[in-house]
Amino acid sequence: MKIFRNLRIFLIVLVLFLIFDGLVIGLFTSSFYSRELSNIARMNNGMMEPKWLYVGIVYLILSFGVSYYVILKDEKTTEAAIFLKGVLFGLVIYGIYDIANYSLLKDWTINLIIVDVSWGAALCGAVALGSYMINQLLD
């Protein structure tokens with residue numbers, strides 16, 4: 001049934017977002033984000049302390065976006081096209097977020113925009129491609 005297949009794609013996307021973003025932020029960039037956002041972030045003992053419910057909501061929305069707009073809208077495509085569409089999706093989503101924050105928050109930096117938008121674009125591209133390939137294997 002198509003609904004179960006679509007749900008499977010959504011869950012694959014969600015899991016890949018959590019794995020990729022968790023690994024990169026947890027292992028490589030957490031000190032960068034803590035340093036860049038320390039004046040405006042929820043901090044506890046030098047570590048960022050997000051509201052996890054809302055972090056979960058963000059991942060659900062991102063997963064829906066990649067599933068629906070990148071993968072399900074054009075399933076008869078190439079892996080390169082899926083990756084590129086994922087990158088462009090990430091560029092739009094992270095670009096809007098970061099540039100809006102830069103326009104409103106005095107401590108938002110150009111450096112943060114460059115790193116975050118680059119990572120967001122790469123993340124969405126990798127998640128879209130990985131999800132597409134896994135789904136192809138499962139079909």
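Helix α1 (residues 2–37) and helix α2 have axes that come within 9 Å of each other and cross at roughly 125 degrees, which makes α1 oblique to α2. Here axes are lines fitted to C-alpha atoms, for helices over the stretch in contact, and angles run from 0 to 180 degrees between N-to-C directions. Angles under 35 degrees count as roughly parallel, over 145 as roughly antiparallel, 65 to 115 as roughly perpendicular and the rest as oblique. The passage of α1 over α2 is a right-handed crossing (left-handed if the near helix is turned anticlockwise from the far one by less than a right angle, right-handed if clockwise).

The model is predicted: local features need pLDDT of at least 70 and side-chain atom pairs count only at pLDDT 80 or more, while totals for chains, interfaces and linings use all residues. Residues are numbered from 1 along each chain as its sequence is written, and side-chain values use heavy atoms, with hydrogens and water left out. Helices (H or I, at least four residues) and strands (E, at least two) are DSSP runs, numbered from the N terminus.

**Contacts of α2**

On the α1 side, the contact with α2 is made by Ile 9, Phe 10, Val 13, Leu 14, Phe 17, Leu 18 and Asp 21. On the α2 side, Tyr 59, Leu 60, Leu 62, Ser 63, Phe 64, Val 66, Ser 67 and Ile 71 take part. Contact means heavy atoms within 4.5 Å. These residues divide into 12 nonpolar, two polar and one charged; Ala, Val, Leu, Ile, Met, Phe, Trp, Tyr, Cys and Pro count as nonpolar, Asp, Glu, Lys and Arg as charged, and the others, Gly among them, as polar.

Ser 63, in helix α2, is buried with a relative accessible area of 0%. Leaving aside neighbours within four places in sequence, Ser 63 is in contact with Phe 10, Val 13, Leu 14 and Phe 17.

α2 also packs against α4, at an angle of about 70 degrees and with the axes 10 Å apart. That makes α2 roughly perpendicular to α4, and the crossing is right-handed. Val 66, Val 70 and Ile 71 of α2 meet Cys 124, Val 127, Ala 128, Ser 131 and Tyr 132 of α4. This contact comprises seven nonpolar residues, one polar and no charged.

**Helix α3**

Helix α3 (residues 79–104) has 26 residues and reaches 37 Å from its first C-alpha to its last, close to the expected 38 Å (1.5 Å times one less than its number of residues). Its buried residues are Ile 82, Gly 86, Val 87, Phe 89, Gly 90, Tyr 94, Gly 95, Asp 98 and Asn 101. They pack against α2 (52–71) and α4 (110–138).

**Loop residues**

The table uses these classes: buried means under 20% relative accessible area, exposed over 50%, and partly exposed in between (1.4 Å probe, protein chains only).

| Residue | Relative accessible area | Class |
|---|---|---|
| Asp 74 | 30% | partly exposed |
| Lys 106 | 79% | exposed |
| Asn 45 | 75% | exposed |

Asp 74 lies in the loop between α2 and α3. Apart from neighbours within four places in sequence, Asp 74 is in contact with Ile 82 and Lys 85. The C-alpha atoms of Asp 74 and Val 24, 50 residues apart along the chain, are separated by 28 Å.

Lys 106 belongs to the loop between α3 and α4. Lys 106 and Leu 18 are 88 residues apart in sequence and 30 Å apart in space, C-alpha to C-alpha.

Asn 45 is found in the loop between β1 (43–44) and β2 (47–48). Most residues other than glycine have a negative phi. Asn 45, although not a glycine, has a positive phi of about 55 degrees.
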